[in-house]
Amino acid sequence: MATIDNEHLTTLKGAYDVQLMEVSLRVQRFGGEEDSRRRYETYTVEVPTTATLLDCLDAVKDKHDGSLAYRKSCRMAVCGSCGMRLDGGAVLACKVPMRPYVDAGHVVTVAPMGNLPVVKDLVVDMQPFWHKVRAVKPWLDTSDEAPPQTEWRVAPEQQEAISKESLCIMCGCCVSECNSMEADPDFLGPAALAKAYRFVGDVRDLDTRDRLRDLNGAHGIWDCTRCYFCNQRCPKGVDPRDAIAKLGAETFREGLHDGIQTLMTDEGARHAKVFIESTYKGGYLRETELVPKTIGPLGALKEIPFALQLARAGKVPNPLMPHKAKDNAEVKRLWKLLEQQTPRHQERALRPEDVTTAKGV
Amino acid sequence: MQERYAYYPGCLASLSQKELDSSTRAISAKLEIELIDMPSVTCCGAGDIHEAKPDYYLHLSARILAQAERTGAEVLLTICNVCCLNLRQANKKLQSDPAELARVNDNLMQVDIPTYSGGVEVRHLLWEVSAGDGFERFRSVAVRSLEGLRVAPFYGCQILRPAKLLGFEDPDRPESLERLITACGAEPIDYPAKVKCCGFPIVLAREDVALGELVQPLQEATDAGADVMVTPCPLCHLSLDAWQQKAANLAGRPFQMPILHLAQLLGAAAGVEADTLRFRRHVTRLSEDVKDKLRLYDPVARV
Ligand code: SF4
Ligand code: SF4
Ligand code: FES
């Protein structure tokens, strides 16, 4: 069997025109339970100019330190295994080309994702992540509805409504920098909530109200502080923050039109409702109304010292002379028109009998 | 930088943060740019309206953009991160989807509201003065050096993320505020939480979570030795300023960090009178030391 010597390799490289570059990485090392010290090691590897961050880590593991731990599988941004932080922001290691960093002379810092416990080096424990995804019941609930004789028919535009959320590969990048999860580790978080919308928005699912009721509780949709880190980080364009906004809109649609007050008891939903009414009346947001109406009269009493502090600085607009936008009547007409246009219920998929009819056509 | 802007102060600068409005008008006069008022604009429909009634939000924004268009200016100038993201998002939707623009305009027409043809760009004051000829113009009016003042920049979220709707600078390593602080003769302070959230959107509904977020920047800026923080967003300002003592209670340590609106910092460096910058309208007052370092121009020595 012929051995491949260095000369042969150089010839091969020439044949395929592989250009090499040197990449330096500062990698966070942490040995797990028996090692409480986190430290950084810098490695320099020679890799093709087309190399990704994952290729570089492979080279480190092959040539420098076989004990370096990280997850990978598909190498093509499909499996969601290789989430990690590059210079503080979560990425899929297999999706990031390193050439621009080399050209800029910048040594990147690689660390495990945030908001999840670290097991070893770049490997995090995904258990809390899966736990939250499972908590939103990530499956279709068609309850006791008789199964269709042929199939559930979903129109292309109905599928389109949940197409972005269906792209999620469960990598956890959106969770890594979620600001609300840093403050409340029990917050369901962007990935689980995007998954929740994938089912709330699915016309075949019959559990919409119960789902929304659960999502409106503690650690649910109203915990989201709209920092937009999730949209910024997601490598698949899921835009979890937008999915959370859609869950808010569904809550209002179901809750206000059908008078399901249980859906509207969350302080977050109440705040949203007061906000909308405030702009309806005056065209502007009137902060004075927000505090008592959001937290209720008893809560507001507790807030009196705080409110006085704001009043002293002139931050509380006069409740007797609310500021009104000129021509506010225009806005009221607009609101009424749009309310008439709002569909009262989500249009559901064709039922089995419709399918039969459709088949007959 | 333009010569004329359709000026959209938004809810906060019109009501509880009037000092931001007066400072913006004053710095604009120094920069010799004209701000055209739009008296019948409403809230842009950001936040909760956007979330709960997305179609109402889109129409409110369209109505504002239509009014901006009728001023003849090419750019709507905002001084709020949240207005900036929400108006840009609505604008992008209307500009890139002709069917949607037609539907919205049809609704506006039905209730006798002027329609929008998609010809306005939405930009934040920070972007206009931190780059290009706007920056040169600011440098030439920043005549009072704020030397010795240590300023912690706080960007807030919705002027950085999502970059595909904002895209002025690297959302993880922004530097526009630092550039302006330096141009004022002051010293920018670096700290990791400068790109994080102030917690304002949920401070009424989830105060504990919001304060948990707010503590971080206050703590880091204090520990890094900042004299003041500066922010381009009135919601961040309200959170950092008015909720500061609640954050201190949570952190179990005192904070005494004056928070400046961007326009106030620029105004101080350009010699705008203290009476116009109206620091008295802040909950967290300026210390004598900070007043000195800000070199407040006060003809009647009254701050
Ligand atoms: S926008 Fe909401 S869900 Fe997304 S990262 Fe921020 S707090 Fe988390
Ligand atoms: S939403 Fe995006 S970032 Fe979050 S888990 Fe899914 S694919 Fe990953
Ligand atoms: S290895 Fe599969 S997503 Fe990166």
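In what order do the four strands of the open sheet in chain B stand? Select them, and the order reads E6-E5-E7-E8 with parallel pairing, where strands are DSSP runs of E with at least two residues, helices are runs of H or I with at least four, both numbered from the N terminus, and two strands pair if DSSP finds at least two bridges between them.

This is a predicted model, in which local features need pLDDT of at least 70 and side-chain atom pairs count only at pLDDT 80 or more, while totals for chains, interfaces and linings use all residues. Residues are numbered from 1 along each chain as its sequence is written, chains are lettered from A and ligands numbered from 1 in the order in which they are written, and side-chain values use heavy atoms, with hydrogens and water left out.

Stay with the sheet and pick its edges, strand E6 (187-188) and strand E8 (259-261) of chain B, each of which pairs on one side only. Strand E7 (residues 228-231) of chain B pairs with E8(B) in the parallel sense over three bridges, and Thr231(B) stands opposite His261(B) in E8(B).

Next, select the contact between the chains (heavy atoms within 4.5 Å), to which chain A gives 70 residues and chain B gives 69 residues. Eight salt bridges are counted between chain A and chain B, a salt bridge being a side-chain nitrogen of Lys or Arg within 4 Å of a carboxyl oxygen of Asp or Glu. Zoom in on Lys164(B) and Asp239(A), whose side chains form a salt bridge at 2.9 Å, N to O. Finally, colour H15(A), which supplies ten residues, the largest share of the side of chain A that touches chain B.
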